[in-house]
Amino acid sequence: MHFGLNTFEDYSYLLARVVDIIENAYEEILIIVGGDYIHVDNLQGTTEKGTYVDTVDFEKAVSDATKFLKVIIETALQYCPNVKLTYLPGNHAPSNDYMLMQVIKATYPDLNVDDAITEFKHAWLNNHAIFMHHGDKRKASNKIIEVIVSEYAKQWGQAESRYLITGHLHHERTLSNAGITHYQVMSPSKPSSYDKRLGYVTSEDGLMLLEFDDVKRSAIYYL
């Protein structure tokens, strides 16, 4: 989402669409804070590795990021009996994103929050195994799957179907491989100054919501 580079006002149209879809009243909802939720990791406008990306209004970035997520969580808790949230460390602002998760946990004790500082995550949606990684530590799909099979062998074997969600690269790509479908999801963010310098400005932007029935992924909403 890269809040700071993007504002709450920039994303208000997306939030309205997300709320409309949540109000369909699902049995379960998994919210993935998939890394780079806030654009920078400190007041100096750099990532965790010290790479300068942009000067941002830090106070507004944190305020906007919190407000956006709270609307989604509160709507989900109102319309769904089982709401889960997973935090993934990204390469832009893992520390700030993690601190935001602590605020969320304290504010919503009924929300099931996975805030472990680990790179590869798993969650259940009914009998579907959802595997997650930001996409920066392992970029090749087969390499991520190798890690997943190693770390989550039991969940892999128990699953009716298996899905891998990654981001980082900001463009959409879908791969089916070895019994798992990998969705590399797009980002709604505008290009940063770093992206512009390197020419990463051609990807379609947007937000993807995946819907599942009892058997498999049944729909993708492109917002």
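How much space lies in the largest pocket? About 1,200 Å³ lies there. This is a predicted model, in which local features need pLDDT of at least 70 and side-chain atom pairs count only at pLDDT 80 or more, while totals for chains, interfaces and linings use all residues. Residues are numbered from 1 along each chain as its sequence is written, and side-chain values use heavy atoms, without hydrogens and water.

**View A. Lining of the largest pocket.** The lining comprises 46 residues, of which Leu30, Ile31, Ile32, Met208 and Leu209 lie nearest the centre of the pocket. Elements giving two or more residues to this lining include helix 1 (12-22), strand 1 (29-33) and strand 9 (208-212). On a 1 Å grid over the protein atoms alone, a pocket is an open set of points with protein on both sides within 12 Å along at least five of seven lines, a cavity is a set where a 1.4 Å probe fits but cannot get out, and lining residues have an atom within 4 Å of a point.

**View B. Packing of helix 2 and helix 3.** Helix 2 (58-79) packs against helix 3 (residues 94-107) at an angle of about 45°, with the axes 11 Å apart. Residues in contact (heavy atoms within 4.5 Å) include Phe58 and Leu69 of helix 2 and Leu100 and Ile104 of helix 3.

**View C. The largest cavity.** About 30 Å³ of space lies in this cavity. Its lining consists of Gly135, Lys139, Ile144, Thr166, Gly167, Leu169, His182 and Gln184.

Notes. Grid points are joined across faces, edges and corners, and a volume is the space filled by probe spheres set on the points. Helices (H or I, at least four residues) and strands (E, at least two) are DSSP runs, numbered from the N terminus. Axes are lines fitted to C-alpha atoms, for helices over the stretch in contact, and angles run from 0 to 180 degrees between N-to-C directions.
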